Amino acid sequence: MARRLQRPASIRPAVISVEQHLDRILRTVQVIRPFEQGVLDAQGCVLAEDVTARGSLPGFTNSAMDGYAVHAADVATAAPEAPVVLPVVTDIAAGNAKPLSLAPGQSMRIMTGAPMPRGADAVVPVEATDGGVVRVAITARSVVGQHVREEGEDVEAGTVVLRRGTLLGPGQIALLAAAGVARVRVVPRPRVVVVSTGDELVEVGRTPGFGQIVDSNSVMLTAALTAVGATAFRVGGVPDDARALLDTLEGQLVRADAIITTGGVSMGAYDTVKEVLSRVGTMQFDKVAMRPGMPQGFGLLGEESVPVFTLPGNPVSALVSFHVFVAPALRMMAGRPEPSWPPGYLPAVAAETFRSIPGKMEFLRVVLDDDRARLAGGQGSHMLGALAAADALAVIPAEVTEVRPGDPIECLPLLGREGP
Ligand code: AMP
Ligand code: MG
């Protein structure tokens, strides 16, 4: 009897789950070392320090309205049928830097944001006056503090205004700038190198010859990286050649917080990525129980232990893998709260029957009509036409083989497709 070929006993399980693969990734990646940045560059980053306001906000007591600075006591009886008339001694525009004092029985015409004159304690809005420039007739009473913004009422100098861990959006950036903080320590946005592999690839904009295809993966992943707030460096297609791949990766490691490759990780004869990297760093190649996207590799490379994601070459597989594995890892690296699995799914309802093979988590490309999901055309992992029509990935759990019309499903919105 012929001896059966035996695989070594140490081999890992034939197939691992999506959760297992993601878990290994999230246990491996680390938050990127914080870095001081100008406030504008810090947008979308997470603060790595508590920030203290250098100055108060407002920095000086000023008017909240266009109107007249007054002593409230002078206009306590003003009414439409009994106007109080006061002389207008000067105008105060926003930006006025001259210290002024207002004597009782007088007024000053004041603009929104202009410093209140010393002595004045209220602003009468222009709408409650006749708008006079020499004398003003005031037809509404006022109380102390009315339409006045007090120095420090918003933010007191020396207090912590933003805590470490805060995600910086436009509002936070504005606060930092206004409070006199021009530079802050943040977790920088991940710099991610995208390398596509394959002898068949031609650069975007070139006409492919027979047997060739445009390297769409590298532009797709660059767009996906931009959408999650990472900085992408796109490296053109690298041929299926061990030396070329190693040279490229070695050259790119210095500027990368992470590297994404596509192609060359399945069972083909020229699957160079897997062949070459299987023996390097902590790289590990697995079959993950998902469709599309079964062949996955992940590990750390180089002296700096740079995380490397080797995604399958089929475009849909690569984009699904990005959503499921790369995006959560980048979130963690950027210092965001730890991502959870399952992620925050969008609930929807199947508008038609979906079939799914048992044992694999299926990511169907669907069009959403409100919350009703239907298939976005063909589900082949090479089908960019259907991918481009889709709004979301319907996530069908491994054990489910059929979803019927009306059944509730969960969807992962596709990056950049959340809009109307
Ligand atoms: P591979 O994983 O290298 O076996 O590639 C699987 C399929 O994806 C093949 O049909 C490739 O031609 C295609 N493919 C690989 N890389 C890219 C790329 N950068 N852009 C578009 N399609 C690709
Ligand atoms: Mg290939």
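Visitor: How many residue pairs are in polar contact across the interface of domain 1 and domain 2?

Guide: The rule finds 1 pair, both residues at pLDDT 80 or more. A polar contact needs a pair of N or O atoms within 3.5 Å; within protein, one must be able to donate a hydrogen and the other to accept it, and residues adjacent in sequence count only through side-chain atoms on both sides. This is a predicted model, so local features need pLDDT of at least 70 and side-chain atom pairs 80 or more, while totals for chains, interfaces and linings use all residues. Residues are numbered from 1 along each chain, chains are lettered from A and ligands numbered from 1 as written, and side-chain values use heavy atoms, without hydrogens and water.

Visitor: What makes domain 1 and domain 2 count as in contact?

Guide: Contact means heavy atoms within 4.5 Å, and 5 residues of domain 1 meet that with 5 of domain 2. The C-alpha centres of these two domains, whose bounds come from an automatic or database assignment, lie 35 Å apart.

Visitor: Why are the backbone pairings of ligand 1 called polar contacts?

Guide: A nitrogen atom of ligand 1 is 3.2 Å from a polar backbone atom of Ser 216. Its oxygen atoms give 2.8 Å to Gly 264 and 3.1 Å to Asn 314, again to polar backbone atoms.
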